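The structure is shown below.

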2 protein chains.
Amino acid sequence: MKKTKAVEPIRWRGDRLELLDQRFLPNKTVYVTCRTAEQVARAIRDMVVRGAPAIGCAAAFGVVLGKGSAKAHEVLRKSRPTAVNLFWALDRMKGAKDLEAEARAIYQEDLTANRTMGKLGAELIPERARIMTHCNAGALATAGYGTALGVVRSAKDKKISVIACETRPYLQGARLTAWECVQEGIPCTLITDSMAGHLMSKGDVDVVVVGADRIAANGDVANKIGTYALAVLAKRHGVPFYVAAPISTFDPKIPDGSHIPIEERPADEVTGYRKLRWAPKGVAVRNPAFDVTPAELITGIICEKGVVLAPNREGIRKLLG
Amino acid sequence: MKKTKAVEPIRWRGDRLELLDQRFLPNKTVYVTCRTAEQVARAIRDMVVRGAPAIGCAAAFGVVLGKGSAKAHEVLRKSRPTAVNLFWALDRMKGAKDLEAEARAIYQEDLTANRTMGKLGAELIPERARIMTHCNAGALATAGYGTALGVVRSAKDKKISVIACETRPYLQGARLTAWECVQEGIPCTLITDSMAGHLMSKGDVDVVVVGADRIAANGDVANKIGTYALAVLAKRHGVPFYVAAPISTFDPKIPDGSHIPIEERPADEVTGYRKLRWAPKGVAVRNPAFDVTPAELITGIICEKGVVLAPNREGIRKLLG
């Protein structure tokens, strides 16, 4: 059996940050080297690195490279709007005395949180479960190991399998989640996003586990566009729907999901893929990158501090202590 | 203003059938010439021509080219399994004395049915409605004018606009529906299939209109994969959900949707697009081309014989007379 190497999306080298360029996966494994905060901000904006916890970690190292300057903070803060982990990490860096030590701590704590979530989440997964997931909430979206895919990894002994929604327009499911599963020997079936409902109606999905980009005080969850539809379909078919996310993804200042800013990304992500264009000229485009799943559709939120079942304002407050 | 030419997906030339090769739209407008029933069957299977009514028309001309032989019927009958219009047209051709006259009649009747459906359906569309549609149920999917897009065309004076779901994996929405709308000067916004729920939750969708590949005796509708999710989301948001389809799409011998055969298409449609591949080797794939929307989720079925609101067994029986 092939020995699998842990995926390293973020490598700190003391004087520079190396980011695995996720735009080229799975076809090419290349790293982008950042020596300034501006370069890190651009890498975040252009999706060299993506996934809420990974963005937070990268931004923390960006502050180190920018020597904690106001300008570094500003450029990083403007890189992407939805994942709150970015702002959480920047706020933490503001209060830090030793910038590098703080960034390393953010990174290490994320790794540890993912392992803990994996363990807590795996207890919720039945034997031989067919686990549907959306986008990539794996090692690539975090410091390593993953949130939703961390739960999958921790449940591997239960002979689970994964159903990966391809996640148009950016294809994080087809490119990244499928790749992580193949690397790790976890059976993975790829579908288009439009097939999820059909599979649920046939009884082919046992549980849904996704990550999150921001969780409001009432338990509403912003996550990759398409998550909301999965939650609505899961509810209709009685399929448990779990969200796995670390404390850094919670935003208790936001009362509910309607207040979460939703990034609108460039039209050319929708009119084609990379250099290929298939839509005709003259068509308008919408490209919201995230949607909001109301708490009422969520069976439980898995966090390193514990699992909140039937999440609501009270449950979230207790969790955050 | 640019003069628009009617789209001609199917041209009968007396001794040959010319099919607009929809695989290359909107980038190239090329026709495939078929001189035998086998060539027509291959064109259907390979999706040179697609869309339930268009498949029926093409198959009828295929029988003419095959001189009504048993072999011609057999090869055409095996080309694709879900759209019942294929079998309806073949059955009609079996009983015909003058094959060419019968095929021409099937074609002409489809054109007329689309115009009638358009008129009936347009009455259901509010002024300035933002009409979401899935796949392509337009001129390209029929003899001309379209079923769902026929309703859109007939409602053009109401200053409607279209939201086209791209319809992975084959991108009929992005390539064909968007193209038809642009050609005709109908405002059209393209989204990925995963964005439909988000737009509905924001109140940005007034009505959904789709086509159909087979309608069971109880009003359950098989249509392009992803239709079911749209219907579930529309129900949740109180958005009316209409199906537009001619009599040739009804299959009263099928008691309900669970009995409709669902075609599973090749994996490479999901792992990439055309020659581009983005999924890693080693991943499994599901590729059901259709799903079933239960009648309870359907506001009305628009047919050339009338509109059946809240469709059920009784309503369908009355319609079919």
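**Salt bridges**

A search of the whole structure finds 56 salt bridges over all chains, a salt bridge being a side-chain nitrogen of Lys or Arg within 4 Å of a carboxyl oxygen of Asp or Glu. The model is predicted: local features need pLDDT of at least 70 and side-chain atom pairs count only at pLDDT 80 or more, whereas totals for chains, interfaces and linings use all residues. Residues are numbered from 1 along each chain as its sequence is written, chains are lettered from A and ligands numbered from 1 in the order in which they are written, and side-chain values use heavy atoms, with hydrogens and water left out.

| Pair | Closest N to O distance |
|---|---|
| Arg236(B) and Glu296(A) | 2.9 Å |
| Asp204(A) and Arg286(B) | 3.5 Å |
| Arg13(B) and Glu18(B) | 3.1 Å |

Glu18(B) counts as buried because its relative accessibility is 11%, the classes being buried under 20% relative accessible area, exposed over 50% and partly exposed in between (1.4 Å probe, protein chains only). Arg13(B), with a relative accessible area of 41%, is partly exposed. In chain A, salt bridges that share partners link Glu8(A), Arg11(A), Arg13(A), Asp15(A), Arg16(A), Glu18(A) and Arg35(A) into one network.

The salt bridge of Arg236(B) with Glu296(A) has its closest N and O atoms 2.9 Å apart. This pair crosses between chains, from helix H9 of chain B to the loop between strand E15 (290-293) and strand E16 (300-303) of chain A. Helices (H or I, at least four residues) and strands (E, at least two) are DSSP runs, numbered from the N terminus. Arg236(B) is partly exposed, at 35% relative accessibility.

**The interface of chains A and B**

The size of an interface is often given as the accessible area lost when the parts come together. Here chain B and chain A bury about 4,200 Å² between them, 68% of it on carbon and sulfur atoms; buried area is the accessible area (1.4 Å probe) that two parts lose on being put together, summed over both. In this interface, 54 residues of chain B are in contact with 54 residues of chain A, where contact means heavy atoms within 4.5 Å.

Six salt bridges are found across the interface. Eight elements of chain B each give two or more residues to the side that touches chain A, including helix H7 (172-184), strand E6 (188-191), helix H9 (227-237) and strand E14 (284-285). H9(B) gives the most, with six residues. The residues on this side of chain B divide into 31 nonpolar, twelve polar and eleven charged; Ala, Val, Leu, Ile, Met, Phe, Trp, Tyr, Cys and Pro count as nonpolar, Asp, Glu, Lys and Arg as charged, and the others, Gly among them, as polar.

Strand pairing also crosses between the chains. Strand E6 (residues 188-191) of chain A and E14(B) pair in the parallel sense over two bridges, two strands being paired if DSSP finds at least two bridges between them. Leu190(A) stands opposite Val285(B) in E14(B).

Ile191(B) lies in strand E6 of chain B and is buried, with a relative accessible area of 0%. Among the residues that Ile191(B) touches are Val270(A) and Arg286(A) of the other chain, and Met132(B), Cys165(B) and Leu199(B) of its own. The C-alpha atoms of Ile191(B) and Met132(B), 59 residues apart along the chain, are separated by 10.0 Å.

**Strands and loops within the chains**

In chain B, two bridges join E8(B) to strand E9 (residues 221-224), and the strands run antiparallel. Ile215(B) stands opposite Val221(B). The hairpin of E8(B) and E9(B) has four residues between the strands, and Gly219(B) takes a positive phi near 95° there. E9(B) is also joined to E15(B) by four bridges, again antiparallel, with Asn223(B) opposite Asp291(B).

Two cis peptide bonds may be noted in chain B: Leu25(B) to Pro26(B), with omega near 0°, and Arg168(B) to Pro169(B), with omega near 5°. Pro169(B) lies in the loop between strand E5 (161-165) and H7 of chain B.

Leu171(A) has a positive phi of about 60° although it is not a glycine, and this residue is buried at 0% relative accessibility. Lys67(B), also not a glycine, has a positive phi of about 55°, and is exposed at 72% relative accessibility.

Conventions
Lists of a residue's contacts leave out its neighbours within four places in sequence.
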